[in-house]
Amino acid sequence: MNASPNSNSGGGGSGLRRLTRLLASTEIFCYSLLWLMVLTVVGSIAQKYVGLHDAQMRYFSSWILWASFIPLPGGRLTMVVVFVNLLSRLVFASPLRWRRSGVIISHLGALLLLVGGFCLLYTSDAADDSVEG
C-alpha cells in the first residue's frame, strides 16, 4: 500500500503541517470577508432601529453575536480570524522571493492596519470625550 505524503501515517510534523495549512487557507479568508460584509450590511441597517452605539456594540465590537439562541462570530472575532489567517499565510505559505515582494508588502500592510485598529480599540478613550460647541 502506498502512503501519500499528505497522509497522517507516522509523520512527526504532519499534524503541525495540517494546522498551518488550515490557518493559512484562502477559504477561511474568503468566508471571513464574506461574513464581514454581512455584518456590515446588517449592522448598518440595525443602526436605524437600535441606534449607532448599540448597533456598533452588538455587531462590530462584540466577540459573539447572538441571533436569537444561535451564537455567531462578532466583528472582533472575525477580525482576529482574518489577522491570524493573513499572518499564517505570510509566514507559512508565502515564499520570500523578490518577484513576490508586492504580495508580501500587501500582506504586511493589511496586518499593520489590523494591528493599528486593535491598538486603537484597546487604548482609545475617545468615547469619553465630549463635543462642545
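**The whole chain**

Before selecting anything, keep in mind that the structure on your screen is a predicted model. If you then colour the chain by burial, buried residues make up 21% of the 133 residues. Among contacts between residues at least 6 apart in sequence, 45% join residues at least 24 apart.

**First stop: helices H2 and H3**

Select residues 26-50, which form helix H2, together with residues 52-60, which form helix H3. Two packed helices are described by the angle between their axes and the distance between the axes. Here the angle is about 150° and the axes lie 8 Å apart, and H2 and H3 are therefore roughly antiparallel to each other. Their crossing is right-handed. To see what touches what, show the side chains of the contact, which on H2 include Leu-39, Val-42, Ala-46 and Val-50, and on H3 include Leu-52, Ala-55, Tyr-59 and Phe-60. Colouring this contact by residue type gives eight nonpolar residues, four polar ones and one charged one.

Move on to residues 64-67, strand S1, and residues 70-73, strand S2, which run antiparallel and are joined by four bridges.

Finally, select residues 75-93 for helix H4 and residues 101-123 for helix H5, whose axes come within 10 Å and cross at roughly 145°. The crossing of this pair is left-handed, whereas that of H2 and H3 is right-handed. Among the residues that make the contact, H4 contributes Met-79, Val-80, Phe-83, Leu-86, Leu-87 and Leu-90, and H5 contributes Ile-104, Leu-108, Leu-111, Leu-114, Val-115 and Phe-118. Arg-76 and Arg-89 of H4 also take part, as does His-107 of H5. How many residues of this contact are nonpolar, and how many are polar or charged? The contact of H4 with H5 divides into 16 nonpolar residues, one polar residue and two charged residues.

Conventions. Residues numbered from 1 in each chain as written. Predicted model: local features only at pLDDT ≥ 70, side-chain atom pairs only at ≥ 80, totals over all residues. Heavy atoms only, no water. Axes fitted to C-alpha atoms, helices over the stretch in contact; angles between N-to-C directions. Helix = DSSP H or I, 4+ residues; strand = E, 2+ residues; numbered from the N terminus. Parallel < 35°, antiparallel > 145°, perpendicular 65-115°, else oblique. Left-handed = near helix turned anticlockwise from the far one by under 90°. Contact = heavy atoms within 4.5 Å. Nonpolar A, V, L, I, M, F, W, Y, C, P; charged D, E, K, R; others polar. Pairing = 2+ DSSP bridges. Buried < 20%, exposed > 50% of the residue type's maximum accessible area, 1.4 Å probe, protein only.
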